Each structure stands twice: as C-alpha cells, then as structure tokens.
Amino acid sequence: MNLATRTARPLDHLVLPVADLARARRRLTDLGFTVAEDARHPFGTENACVFFSDNSYLEPLAIASREECEAAALDGNVFVARDQAFRFRRGPEGLSAVVLGTPDAAEDHIRFRSLGLSGGDMLEFSRAMRMADGREGLGSFRLAFAADLRAPDFFLFCCQRLRALPVDSAVLHHHENGVLGIAEVVLSEPNPTDFQYLLQEAVAEREVAAHSFGMDIQMGSAKLSVLNPAGMEAFFGRTISDSDRGLRGRAVVFRVADIEATRALFAQNDIEFAEMCGRLIVPEVPGQGVIFAFGV
C-alpha cells in the first residue's frame, strides 16, 4: 500500500478478555447494553458480543476450553497465544487488542511484514452465531496481526469480514443506556510517541494529533488515544505509574444519545460512576475490565 492509495482503517471491534462470560454478561446488561448470545470459536475461546449501529462492537472473550486454546497456541494461532500471554501477565480481564476493519487482510499482512511490524501468521476461521429467535448464521473472518515486542500486553489486527455475522440490528443495536457507538479507545504509555509508528501503520493513517497529554489517531468515526500518566489523571481521574512501559488498554468511551437518560439508568441500576469532562466515568469491576466512559 503506497501513500497515494493508503486508506485509513476504521475501528472494527475491541477484544476484552474476561474471567467469566456469564459475569461479563450480567455486568454489561446492568450497564444497559444488549448482549448477543454466547458463541464459540473453533480454537477454544468464546464470546458474547455487544454490537453498535456504527458497525463496531465489543468482544468480551473468555476461555471455553483450556486444552483447545493451548493446542491452538502451540499450532501458531496468534489470537489465542496473545490472549494467553495477556492473561498470564495482566490477569483475566482488560483490553488486549484494537481491531481495524479491512477489505484485504492479506495485503495488510504483507505490509506489516515488510515494515517489521507483523505479529505472526494470518488467521482465517468461521464461527456460528445464534440469534435471539433461535436462527443460526455463520461468520467468516481473515485476520492480519501487528505488534511490537516492547508492548507485550497489547496488539492490533486487521479483520476482513469475509462473511459478516448475521446481526439483527433491530434488536442488537438497541441499548437501554442509549449508546450509539464507540467514540474513543484509550491506551496509556509514559511516552506515547514511542509507539506512534506502530499505530500509524496499523491504522494506515499518517495524521497524528500530538498534545501535552499524548497523541490521537483517527480510526474512521472513532479516535485512538494514547495518554501519558498526566492525561489519565486529567481525563479519567486515574493515577498510573510513569515507569510501567508499553501500551496498556485503559478505557472505552461511548457515544450516547442522551446522557441524562444514561445517568438515570445508572442510578436505577446502582452503577458507580463519577463525572469528568462532561462524561460519566464508570470504573472497572469484574466483568468490565477497563474504564467505561459515556458522553455525547
């Protein structure tokens, strides 16, 4: 992909490791999200996704079969191997990967290899999805991975939807909390620009907005932000170490239709939150491994 034909990759979804899928479902439901039926991957993991009308989604990811996961990792499955590494180093919950949409994962894989950014072999697979009315459909995907050895707890990949999941938009895109989509994904690193090259090439976007708290890169309608400790304190009231190097997934910011309705729902469901910068900040708890923020 040369500069003349470069097309920025939009946010496709986020991978959120969880310890227990049922607990994650309860937490996400309490937060007002509509959660799809549980689904299994052919390599031992399972998910219960939250889909949005902006064509992005959350993928809470759990271990369905440790034996299958270990076998897949030994066989070179980068997705599973990275998930195992994240859980070993950071625990069973968090934000481990940002996924970009692509029309051609094979092209991205070649590009990542030529730039020295490849995270490993491509992965192609299919999985079934059960709808609320009992119908089943099949989704097929091809993944190309990008990673940096200096950030072992985070990776990116481009996802080509060879056969899109059969999402019932009338049901799964409607969320009681009024969320319309993902506005921002927040990572942290004491010196954000150390990872500028990785993120620019993964997103295929040269434009970077640098500021005193870090840097931002646009992924379609969503923004990818990397904040230093001062930025995490200023925007989320979170104190983090200035010596913990490497990219860390910290927060997801959602775009809502009516923040007053979201606030009322949280009060009704006894959801702890603070208000900063015009947003409702919900701290991580079991089943929700990173900060969730809600704003207009």
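## Cysteines

How many disulfides does the count come to? The count comes to zero. This holds for a predicted model. A disulfide is a covalent bond between the sulfur atoms of two cysteines. Here a pair counts when the sulfur atoms lie within 2.5 Å.

Cys49 is in no disulfide. Its nearest cysteine sulfur belongs to Cys159 and is 11 Å away. Cys49 counts as buried because its relative accessibility is 1%, and buried means under 20%. Cys158 is in no disulfide either. For Cys158, the nearest cysteine sulfur is again that of Cys159, 9.0 Å away. With a relative accessibility of 0%, Cys158 also counts as buried.

Strand 5 covers residues 57-63. Is this strand mostly covered or mostly uncovered? Strand 5 is mostly covered, with six of its seven residues buried.

Strand 5 pairs with strand 1, residues 11-17, in the parallel sense. Five bridges join strand 1 and strand 5. Val15 has Glu59 of strand 5 as its bridge partner. Strand 3, residues 45-47, runs antiparallel to strand 5, and three bridges join them. Here Asn47 is partnered by Leu61 of strand 5.

Strand 4, residues 50-51, also pairs with strand 5 in the antiparallel sense, over two bridges. Phe51 stands opposite Tyr57 of strand 5. Strands 4 and 5 form a hairpin, with five residues between them. In the turn, Asn55 has a positive phi of about 75°.

## Helices 2 and 3

Helix 2 spans residues 66-74, and helix 3 spans residues 78-90. Two packed helices are described by the angle between their axes and the distance between the axes. For helix 2 and helix 3, the angle is about 115° and the axes are 7 Å apart. The crossing of helix 2 and helix 3 is left-handed.

Which residues meet between these helices? From helix 2 come Cys69, Glu70, Ala72 and Ala73. From helix 3 come Val80, Ala81 and Gln84.

Ile281 has Ala293 in strand 17 as its bridge partner.

## Helix 7

Helix 7 runs over residues 229-236. Its buried residues are Pro229, Gly231, Met232 and Phe236. An α-helix has 3.6 residues a turn, so residues three or four places apart point the same way.

What covers the buried residues of helix 7? The cover includes strand 10 (179-188), strand 13 (222-227) and strand 14 (248-256). It also includes strand 15 (274-276), strand 16 (279-282) and strand 17 (291-295). Just after helix 7 comes Gly237, with a positive phi of about 65°.

Terms used: Residues are numbered from 1 along each chain as its sequence is written. This is a predicted model: local features need pLDDT of at least 70, side-chain atom pairs count only at pLDDT 80 or more; totals for chains, interfaces and linings use all residues. Side-chain values use heavy atoms; hydrogens and water are left out. Buried means under 20% relative accessible area, exposed over 50%, partly exposed in between (1.4 Å probe, protein chains only). Helices (H or I, at least four residues) and strands (E, at least two) are DSSP runs, numbered from the N terminus. Two strands pair if DSSP finds at least two bridges between them. Contact means heavy atoms within 4.5 Å. Axes are lines fitted to C-alpha atoms, for helices over the stretch in contact, and angles run from 0 to 180 degrees between N-to-C directions. A crossing is left-handed if the near helix is turned anticlockwise from the far one by less than a right angle, and right-handed if clockwise.
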